[in-house]
Amino acid sequence: MAVYTQVSAEALAAFLARYDAGALVSAKGIAEGVENSNYLVDTTDARFILTLYEKRVAADDLPFFLALLDHLAAKGLPVPPAIADRDGVAIQRLAGRPACLIRFLPGVSVSHPSPAQANAAARALGEMHVALADFTPTRANSMGLATWRPLLERCGRDIDTIRPGLYDRVAHALDAIERDWPRDLPSGAIHADLFPDNVLMLGDAVTGLIDFYFACTDLTAYDLAVMHSAWAFDAAGAPVDAAVGAALLAGYAAAAPLSAAERAALPLLARGACVRFLLSRAWDWLHTPADALVTRKDPLAYLHRLAWYEAHPDCFP
Ligand SMILES: Nc1ncnc2c1ncn2[C@@H]1O[C@H](COP(=O)(O)OP(=O)(O)O)[C@@H](O)[C@H]1O
Ligand SMILES: N[C@@H](CCOP(=O)(O)O)C(=O)O
């Protein structure tokens with residue numbers, strides 16, 4: 001359950017009074033998610049998401065994220081813009097945290113995506129990259145290549161309590177990833193965390209792309225690699241139907257150009273994605289208190305995916 005910060009009904013009602021958004025009817029903490037506190041808020045006017053930004057989201061980065069959402073929403077993509085209050089302010093403080101009221105989007109995230117759903121979601125990623133080609137703000141990737149070895153060092157040998165030998169295994173994988181990481185592929189604003197839980201769908205149609213709080217400037221093909229690492233495997237890290245992986249590539253390529261060099265780099269970029277999520281999950285695994293109201297994600301699922309990509313260098317035909 002991801003509600004780290006409790007908001008009283010009185011504080012929420014006072015917060016809503018700043019907006020032309022109706023009066024508070026109900027508010028419920030949302031179980032999904034691990035990064036921020038999210039509430040589903042119903043008012044006499046509409047339904048909203050209230051997000052209070054927690055550990056990994058720096059308040060200084062919020063203007064970048066909100067500008068990105070506004071840019072995409074203005075171009076008709078299904079992303080939820082933050083709502084401004086009567087004074088035009090979207091980034092607020094509530095219960096001691098930075099907070100935004102966000103437009104609610106319909107749809108559910110799929111647990112076992114079909115090839116048709118993977119195709120539609122990857123197409124939406126491609127459309128997003130095309131729509132962001134004229135987005136000028138930049139943000140360095142706070143979870144990018146340069147941060148992986150320092151994060152491994154910060155986990156230290158404690159990571160071996162998750163699995164004996166894990167430190168050396170990740171260090172060895174990183175040696176090759178750092179050595180071969182491409183420097184000359186197209187870059188731009190990317191989502192960097194487009195897992196199935198961050199895509200809302202109704203049937204095979206995408207109704208929402210959400211959770212842009214890792215968005216940054218990085219290789220656009222890396223965004224597709226992140227998506228592949230998240231969509232083409234089950235929760236334990238075993239590969240699903242190969243048609244899902246193929247559908248991801250076809251869907252993306254239908255919306256955005258994918259050069260031969262980008263295609264060739266995808267296996268390495270996917271190994272990088274595996275190390276990135278393995279390490280952030282391992283850090284959380286080691287540092288989340290046992291009584292925390294959040295479900296820790298399994299770092300080893302990403303070790304299995306890493307091994308799969310290493311064993312299948314031709315998996316992106
Ligand atoms: N704009 C939105 N419209 C509808 N539901 C949303 C929206 N934003 C978030 N949610 C719901 O809240 C959950 C958690 O949001 P998310 O941004 O993924 O949290 P976290 O940043 O903690 O991972 C999502 O899985 C979804 O159910
Ligand atoms: N997608 C990441 C963790 C970030 O969680 P999210 O709920 O913000 O998508 C992972 O699975 O490790």
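This is a predicted model: local features need pLDDT of at least 70, side-chain atom pairs count only at pLDDT 80 or more; totals for chains, interfaces and linings use all residues.

Biologist: Which residues make the contact?

Modeller: From helix 6, L224, M227, H228 and W231. From helix 7, V244, G245, L248 and Y252. By class, the contact of helix 6 with helix 7 has six nonpolar residues, two polar and no charged.

Biologist: OK, helix 8 next. At what angle do helix 6 and helix 8 pack?

Modeller: About 60°, with the axes 8 Å apart. Helix 8 covers residues 260–287. The two helices are therefore oblique to each other. Their crossing is right-handed.

Biologist: And which residues of helix 6 meet helix 8?

Modeller: A221, Y222, L224, A225, V226, H228 and S229. On the helix 8 side, they meet E262, A265, L266, L269, A270, G272, A273 and C274. The classes for this contact are 11 nonpolar, three polar and one charged.

Biologist: How do helix 3 and helix 6 cross?

Modeller: At roughly 160°, and their axes come within 11 Å. Helix 3 is residues 115–131. Helix 3 and helix 6 are therefore roughly antiparallel. The crossing is right-handed.

Biologist: What are the contact residues there?

Modeller: A118, A122, L125 and H129 come from helix 3. Helix 6 supplies T220, D223, L224, M227 and W231. That contact counts six nonpolar, two polar and one charged residues.

Biologist: Switching topic. What does the domain assignment give?

Modeller: Domain 1 is 9–103 and domain 2 is 115–311. Their centres, taken over C-alpha atoms, are separated by 26 Å.

Biologist: How many residues of each domain are in contact?

Modeller: 18 residues of domain 1 touch 19 residues of domain 2. The domain 1 side of that contact holds 12 nonpolar, two polar and four charged residues.

Biologist: Now the ligands. How many residues surround ligand 1?

Modeller: 21 residues. The closest are E32, G33, E35, P80 and D211. By class, the shell has 10 nonpolar, six polar and five charged residues.

Biologist: Which domains does the ligand 1 shell draw on?

Modeller: Domain 1 and domain 2, with at least three residues from each.

Biologist: And which residues are around ligand 2?

Modeller: G33, V34, E35, D193, F195, D197, N198, D211, F277, S280, R281 and K297. The ligand 2 shell has three nonpolar, three polar and six charged residues. This shell, too, takes at least three residues from each of domain 1 and domain 2.

Biologist: Which residues should I label for both ligands?

Modeller: G33, E35 and D211 are among the closest to ligand 1, and they are also listed around ligand 2.

How values were computed
Residues are numbered from 1 along each chain as its sequence is written. Chains are lettered from A and ligands numbered from 1 in the order in which they are written. Two residues are in contact if their C-beta atoms, placed from the backbone, lie within 7 Å. Helices (H or I, at least four residues) and strands (E, at least two) are DSSP runs, numbered from the N terminus. Ala, Val, Leu, Ile, Met, Phe, Trp, Tyr, Cys and Pro count as nonpolar, Asp, Glu, Lys and Arg as charged, and the others, Gly among them, as polar. Axes are lines fitted to C-alpha atoms, for helices over the stretch in contact, and angles run from 0 to 180 degrees between N-to-C directions. Angles under 35 degrees count as roughly parallel, over 145 as roughly antiparallel, 65 to 115 as roughly perpendicular and the rest as oblique. A crossing is left-handed if the near helix is turned anticlockwise from the far one by less than a right angle, and right-handed if clockwise. A residue is near a molecule or strand if its C-beta atom, placed from the backbone, lies within 6 Å of it. Domain bounds come from an automatic or database domain assignment.
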